[in-house]
Amino acid sequence: MSLLAEAAESAAAARAGFRAFVAERVAPHADEFDRAQAIPDDVLADAAARGYFGAVLPESVGGGGMDMVTLGELHEEIGRGCSSLRSLLTVHTMVATTVRRRASREARDRWLPALAAGTARGSFCLTEPDAGSDIESVTCAATPSGADYLLDGTKKWVTGGQIADLLLVFARAPAGLTGFLVPADAPGVGRTPVHIVLGTRASMLAEIRFTSCRVPASARVGAEGSGRMVATAALDLGRFSVATGCVGILQACLDASVAHTARRAQGGALLRDHQLVRRMISRMVTDVQGARALCLQAARLKDDGDPATLEATWIAKYFASTAAMRAAGDAVQLHGAVGCADGHPVNRYFRDAKVMEIIEGSSQIQELTIAEHAYQSAEPGRARG
Ligand SMILES: Cc1cc2nc3c(=O)[nH]c(=O)nc-3n(C[C@H](O)[C@H](O)[C@H](O)COP(=O)(O)OP(=O)(O)OC[C@H]3O[C@@H](n4cnc5c(N)ncnc54)[C@H](O)[C@@H]3O)c2cc1C
């Protein structure tokens, strides 16, 4: 067998494994998770045992050494089953990758094996009550105290914050925004669960308060003042994961809509035989393929280490999240009243898809960024507007 054929066979086997996990452990139970506002421990443990938490970490620390094309397929499949579980994997992967790339040796030795095994779970703490899209508004303070720092402030909407072991916290140090790794059980850390979110209800959000929380200098991620760069790299990976998760939502909407319209009859004909219904289905088919292709392009650029992946990821996330929202709206429409019922999957897809237009850079921030890039490409010397 040629090397290419072997690679294709192992990629197909990996994808079959992701599908089997989602079909057995995730999709049939996702509405229960949503209602309970939690993913059960045994499902998280199963995902960890399959290597999904440490997927992209190197094999030398117990990770899977997964490339970005395969990670995209994993997060698409999980996103097809349950956006909340995909969100937990997203933030964990952002934190684990940041630790690998930028943390001190001490922090890497302490955290990487557990992050790879999924026995320690990571959460990403950037947003604050008064700091959302504008990262420069962060007010959480990192005040030097001897060889340490004292963290003070509040982080809001922290995905996985209820169950996290390790927090990647962005705070303002004397030289500017800086990332810190903080054990979630450190003195001075208080968490309050955040319930009743519109979508991704099972992603176990928390508000996290830091009160004179003492962390050593070795907890700092990179140099003081490098926080924007650290956050940007992590958010690029998160954005890619969310984009692929949106492809999963699109596929789920398409599958549910095809199945429903092929069995429901109104006006003397199956819904699928009405032309207006076919228009919605054809738009979903086109959107899912377009979004998947954009994600694949971003993944390949990441695997090649090409900086053009940043722009490609913005575009993929913008297209996939807006298309997922459109498809989810059409899926509810095609299901009629049953699609509005509590516990019906398309109801959940609709609520989850809306969240995707807000997290990891809202649609408006993406529009500003993508348009700015277009102007910069046309006039390379142009200062950012
Ligand atoms: C379910 C969920 C999970 C989350 N998980 C995390 C997490 O794990 N970690 C974390 O740090 N954060 C998390 N967040 C927070 C998320 O990143 C923010 O909600 C997001 O950055 C937007 O910030 P905001 O909600 O404060 O909205 P704002 O920034 O106040 O924006 C409100 C509206 O104004 C628009 N807007 C803002 N600026 C501009 C502009 N310049 N031009 C035009 N329009 C603009 C936005 O697009 C949006 O529509 C989560 C949020 C949700 C809902």
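The following dialogue explains how several terms apply to this predicted model.

Guide: In this predicted model, local features need pLDDT of at least 70, side-chain atom pairs count only at pLDDT 80 or more, and totals for chains, interfaces and linings use all residues. Residues are numbered from 1 along each chain as its sequence is written, and side-chain values use heavy atoms, with hydrogens and water left out.

Visitor: Why is Arg351 called buried?

Guide: Buried means under 20% relative accessible area, exposed over 50%, and partly exposed in between, with a 1.4 Å probe and protein chains only. Arg351 has a relative accessible area of 11%, and is therefore buried. Arg351 belongs to helix α11, residues 345–356; helices (H or I, at least four residues) and strands (E, at least two) are DSSP runs, numbered from the N terminus.

Visitor: Which residues does Arg351 touch?

Guide: Leaving aside residues up to four places away in sequence, Arg351 touches Asp34, Leu198, Gly199 and Arg201, where contact means heavy atoms within 4.5 Å. The side chains of Arg351 and Asn347 are also joined by a polar contact of 2.8 Å. A polar contact is a pair of N or O atoms within 3.5 Å; within protein, one must be able to donate a hydrogen and the other to accept it, and residues adjacent in sequence count only if both atoms are side-chain atoms.

Visitor: What makes the pair of Phe21 and Tyr52 edge-to-face?

Guide: Rings of Phe, Tyr and Trp (its six-membered ring) pair if their centres lie within 6.5 Å; planes under 30 degrees apart count as stacked, over 60 as edge-to-face and the rest as tilted. The ring centres of Phe21 and Tyr52 are 5.3 Å apart and the planes stand at 75 degrees, so the pair is edge-to-face. This pair links distant parts of the chain, 31 residues apart: Phe21 is in helix α1 (residues 3–26), and Tyr52 is in the loop between α3 (41–49) and α4 (68–81). Both Phe21 and Tyr52 are buried. Ring pairs join Phe18, Phe21 and Tyr52 into a cluster.

Visitor: What makes the phi of Trp157 worth noting?

Guide: Most residues other than glycine have a negative phi. The phi of Trp157 is near 60 degrees, a positive value in a residue other than glycine. Trp157 is in strand β3.

Visitor: How do you know whether Trp157 is buried, exposed or partly exposed?

Guide: The relative accessible area of Trp157 is 48%, so Trp157 is partly exposed.

Visitor: Why is Glu360 called buried?

Guide: Glu360 has a relative accessible area of 13%, and is therefore buried. Glu360 lies in the loop between α11 and α12, and has a positive phi of about 55 degrees although it is not a glycine.

Visitor: What is the volume of the largest pocket?

Guide: The volume of the largest pocket is about 1300 Å³. Of the 43 residues lining the largest pocket, Leu235, Arg239, Ile359, Glu360 and Gly361 are the closest to its centre. On a 1 Å grid over the protein atoms alone, a pocket is an open set of points where a 1.4 Å probe fits, with protein on both sides within 12 Å along at least five of seven lines; lining residues have an atom within 4 Å of a point. Grid points are joined across faces, edges and corners, and a volume is the space filled by probe spheres set on the points.

Visitor: Which helix supplies the largest share of the lining of the largest pocket?

Guide: Helix α7 does, with 6 residues.
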